Amino acid sequence: MILFMHEGHHDHEHGHDHHHDGDMGSGKEMKTLAALIAHWVHHGEDHIDGYKEWAEKAMEHGREDVADEINEAISMLENANEAFRRASELMKNA
């Protein structure tokens with residue numbers, strides 16, 4: 001597992017522990033999945049906020065080209081977060 005530190009964040013792990021036993025239907029794993037999805041949404045929002053700040057800084061320094069690329073990435077991440085939110089709702093309705 002890889003540990004990353006981000007400005008404005010506490011230490012957290014980015015990993016992908018997973019099982020291949022075909023037992024994703026267990027209640028414990030579904031609770032874990034629901035918690036992970038909620039974390040991913042929150043974590044994604046934290047990153048998006050930071051990226052927006054840096055896009056603004058790029059603009060302030062005359063790097064509209066860089067800001068445009070960061071903003072494009074932000075848009076993609078916002079779309080991904082929406083998918084995670086929908087997944088979270090589906091988990092609640094199961």
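The axes of helix 1 (residues 27-60) and helix 2 (residues 64-92) come within 9 Å and cross at roughly 160 degrees, where axes are lines fitted to C-alpha atoms, for helices over the stretch in contact, and angles run from 0 to 180 degrees between N-to-C directions. Because of that angle, helix 1 is roughly antiparallel to helix 2, a label for angles over 145 degrees. This is a predicted model, in which local features need pLDDT of at least 70, side-chain atom pairs count only at pLDDT 80 or more, and totals for chains, interfaces and linings use all residues. Residues are numbered from 1 along each chain as its sequence is written, and side-chain values use heavy atoms, with hydrogens and water left out.

**Helix contact**
- Helix 1 passes helix 2 in a left-handed crossing, meaning that the near helix is turned anticlockwise from the far one by less than a right angle.
- The residues of this contact divide into 20 nonpolar, four polar and five charged, with Ala, Val, Leu, Ile, Met, Phe, Trp, Tyr, Cys and Pro counted as nonpolar, Asp, Glu, Lys and Arg as charged, and the others, Gly among them, as polar.

**Chain as a whole**
- The protein chain has two helices and two strands, which are DSSP runs (helices H or I, at least four residues; strands E, at least two) numbered from the N terminus.
- From the N terminus on, the elements run β-β-α-α.
- Of the 94 residues, 16% count as buried, that is, under 20% relative accessible area with a 1.4 Å probe, protein chains only.

**His39**
- His39 lies in helix 1 and, at 38% relative accessibility, counts as partly exposed, the class between buried and exposed (over 50%).
- His39 and Phe84 are 45 residues apart in sequence and 9.7 Å apart in space, C-alpha to C-alpha.

Terms used:
Angles under 35 degrees count as roughly parallel, over 145 as roughly antiparallel, 65 to 115 as roughly perpendicular and the rest as oblique.
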